[in-house]
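Work through the exercises below with the sequence and the model in view. Try each task before reading its solution.

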Amino acid sequence: MLVQAITIIPLIASSSLEPDQGHLDDNSRLSLWYKKWHVHTVNDLSNNKTLLVHCKSRDNDLGIHNLIVGTEFNWKFRPRIFGGTLFWCYMAYDNLHAAFQVFWEDPSLYAKCNYGDCYWIARDDGIYLKNIPGERDEYYYDWELGRL
């Protein structure tokens with residue numbers, strides 16, 4: 001009976017914000033459930049522009065943050081065991097704004113985030129997702145046109 005309880009307890013967990021304990025080498029679906037993910041939102045705007053960032057999930061409102069150039073707001077979490085983990089952010093500066101997903105369950109996103117760290121970078125022309133293994137920043141969102 002004790003073995004069953006120990007086995008079931010991790011399966012009950014939903015998204016949780018926790019300190020990072022390192023990366024797992026096994027990228028199977030099961031290990032992705034136990035993996036702690038780290039999402040970064042970075043202000044790389046020019047001319048000392050402040051970036052407003054407000055991120056949330058269904059379970060967690062991470063608050064409103066005003067980032068000066070060169071700084072970031074970041075958080076760590078574990079995906080929901082039965083799926084459906086989704087985080088999105090609203091970002092704004094001057095009269096421009098964007099609302100978009102920053103974490104969702106998708107193997108392509110997992111790979112670009114190198115199975116652990118998603119970097120979203122705000123620049124004057126739009127939002128970029130850092131493709132870590134590809135060693136490049138991918139243009140993701142245009143401030144004026146919306147999602148590409």
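**Exercise 1: a hairpin and its sheet**

Asp94 takes a positive phi near 45° in the hairpin of E5 and E6, where two residues lie between the strands. Strands here are DSSP runs of at least two residues, labelled E and numbered from the N terminus. This is a predicted model, in which local features need pLDDT of at least 70 and side-chain atom pairs count only at pLDDT 80 or more, while totals for chains, interfaces and linings use all residues. Residues are numbered from 1 along each chain as its sequence is written, and side-chain values use heavy atoms, leaving out hydrogens and water.

Solution. 
1. Two strands pair if DSSP finds at least two bridges between them.
2. Within this pair, Met91 stands opposite Ala98 in E6.
3. At the E3 side, strand E2 (residues 51-57) pairs with E3 in the antiparallel sense over five bridges. Lys56 has Asp61 in E3 as its bridge partner.

**Exercise 2: a strand residue**

Task: is Glu138 buried or exposed, and which residues does Glu138 touch?

Solution. 
1. Glu138 lies in strand E9 (residues 136-142).
2. Its relative accessible area is 19%. Buried means under 20%, exposed over 50% and partly exposed in between, with a 1.4 Å probe and protein chains only. Glu138 is therefore buried.
3. Leaving out residues up to four places away in sequence, Glu138 touches Lys112, Ile127, Tyr128, Leu129 and Asn131. A contact means heavy atoms within 4.5 Å.
4. The side chains of Glu138 and Lys112 are also joined by a polar contact of 2.9 Å. Such a contact is a pair of N or O atoms within 3.5 Å; within protein, one must be able to donate a hydrogen and the other to accept it, and residues adjacent in sequence count only if both atoms are side-chain atoms.

**Exercise 3: confidence**

Task: which residues have pLDDT under 50?

Solution. 
1. pLDDT is the predictor's confidence in each residue, from 0 to 100. The protein chain has a mean of 84, and 78% of its residues reach 70 or more.
2. Over residues 1-16 the pLDDT stays under 50. Residues 18-26 are also below 50.
3. Where pLDDT is low, the predicted coordinates should not be read in detail.

Notes: Helices (H or I, at least four residues) and strands (E, at least two) are DSSP runs, numbered from the N terminus.
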